[in-house]
Amino acid sequence: MITPIEPQVVQGTTGKPLVDLCRHHFPLLRQRVNGKPLVYFDNAATSQKPQIVIDTIMRYYMEENSNIHRGVHYLSERATQAYEEVRSKVQRFINAASDREIIFVRGTTEAVNLVAYSYGRTHVGPEDEVVISALEHHSNIVPWQILCQEKGAKLRVIPMNDDGELLLDEYEKMLNVRTKIVSLVHVSNALGTINPIKQMVALAHARGVPVMVDGAQAVPHMRVDVRDLDCDFYAFSSHKMFGPTGIGVLYGRESLLEAMPPYQGGGDMIKSVTFEKTIYNDLPHKFEAGTPSIASGMGLGAAVDYMNQINLDAVAAFEHDLLVYATEALSKIPRVHIVGRAKEKAAVLSFVIEGIHPHDIGTVLDLEGVAIRTGHHCAQPVMQRFGIPATARASFAFYNTKEEVDILVKGIEKVIEVLG
Ligand SMILES: Cc1ncc(COP(=O)(O)O)c(C=O)c1O
């Protein structure tokens, strides 16, 4: 039995804050850590899962488990149908034109690798250029670096200012006839900056350059419409948007995907195979070799249902409020410096404390039951830009509260007291 979401949440009719309506859907948040109520502020690393996602995965294994796309028996057909329904849900969720444009992958990392490998290897040659930004996660740097090294192409990086905002003038100057693709993060995991993707796509398209967007940190926090953004590829991970690990999505414009060679070979991505020749399957299966993470797919479907039932505009507004509250509170603590003060920011608060290593901040906060992330956040070039080895990062979701921010603030005061 899958726990339904209460009708008042679905309809948004109570006038109560979102968190009051939704927090109890997340069973893990009820636990205590080190004797204190858990404060989970590591949502940018991975989000917690609502009961409906957990129940859906359990039900799949109890009632539907079977391999997909290959059996004629009842269970296989049922699982195939359910899995393909998830694809259609995802298509509608991001407003893609067709479910042929929705490729299931392991996550954002695999999506970028797929595009760099398949599109990149066929379109990028010696002396060509690939443009990324100074805000990228390693998963949107290294695949392009590998491609450029292999092809003798050049990786160009859009710089940012001291607030963590990209310099659009520099970006515009960078685009030229040698630019073969632009790949940009939508929301920075290290600083929270929201990039003006629609504008940046338009600038690239004006020169005939396609744009890939890393949406790992955007999809959990705001409404994403790939047709409105007009991007050519868009990647995100289920586990950051309240779904399970092991699955993610690559959206690709159908005309581009159609022309791209497969990324991996194997079962399911073929129509026929002889030793002489293989005829590849149609989209989207051409890019989905082998047995996928089926149970995770079902969980992703439940996560999409869940996100459709809470109001995503309310999520963005609530989290913005929380971010402003936390930013003001942390700014008042002596020796605390916030890293990343972009005007457009989402759900991430990176900070350092003078004289105290971020790992020590994280360890003391953990004793208070507060889970934050410390380190370079897989964005070492961002750290290098600010001349620091690491930051402490609190990242929020709509199930977090101002009371939890107060606990974080008290914890930081304790860190300073204990570690001097
Ligand atoms: C902005 C951004 N891009 C890409 C990734 C990689 O996502 P995954 O590890 O789910 O592939 C992350 C993960 O933290 C991220 O924050």
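Let's start at Arg335, which sits in the loop between helix H12 (312–331) and strand E13 (336–339). This is a predicted model, so keep that in mind throughout. Arg335 is not a glycine, yet its phi is positive, at about 75°. Most residues other than glycine have a negative phi, and most peptide bonds are trans.

The peptide bond from Leu283 to Pro284 is cis, with omega near 0°. Where is Pro284? It lies in the loop between strand E12 (278–280) and helix H11 (294–309). So much for the backbone.

What space does the ligand take? The largest pocket. That pocket has a volume of about 330 Å³. Its lining counts 24 residues, and Thr109, His137, Ser237, His239 and Lys240 are the closest to its centre. Which helix gives the most to this lining? Helix H5 (residues 108–123) does, with 3 residues. By class, the lining of the largest pocket splits into 6 nonpolar, 12 polar and 6 charged residues.

Next, the shell around the ligand itself. There are 13 residues around the ligand. Thr109, Asp214, Gln217, Ser237 and Lys240 come nearest. The class count for this shell is 2 nonpolar, 9 polar and 2 charged residues.

A polar atom of the Asp214 side chain is 2.5 Å from a nitrogen atom of the ligand. In the side chain of Lys240, an N or O atom lies 2.6 Å from an oxygen atom of the ligand. For His137, the distance from a side-chain N or O atom to an oxygen atom of the ligand is 3.4 Å. How much of the ligand does the protein bury? Taken alone, the ligand exposes 400 Å², and 86% of that is buried by the protein.

Rolling a probe the size of a water molecule over the atoms shows where empty space is left. How many cavities of 30 Å³ or more does the structure hold? The count is 1. The largest cavity has a volume of about 30 Å³. Its lining is made up of Asn43, Ala44, Gln217, His221, Ala347, Val348, Ser395 and Phe396. That gives 4 nonpolar, 4 polar and no charged residues. Look at Gln217 on your screens.

How values were computed:
Residues numbered from 1 in each chain as written. Predicted model: local features only at pLDDT ≥ 70, side-chain atom pairs only at ≥ 80, totals over all residues. Heavy atoms only, no water. Near = heavy atom within 4 Å. Polar contact = N/O pair within 3.5 Å; in protein donor to acceptor, adjacent residues only side chain to side chain. Areas by Shrake-Rupley, 256 points an atom, 1.4 Å probe, with all protein chains shown as cover. 1 Å grid on protein atoms, 1.4 Å probe; cavity = no way out; pocket = protein on both sides within 12 Å on 5 of 7 lines; lining within 4 Å. Sits in = over half its atoms within 2 Å of the grid points. Nonpolar A, V, L, I, M, F, W, Y, C, P; charged D, E, K, R; others polar. Points joined across faces, edges and corners; volume = space filled by probe spheres on them. Helix = DSSP H or I, 4+ residues; strand = E, 2+ residues; numbered from the N terminus.
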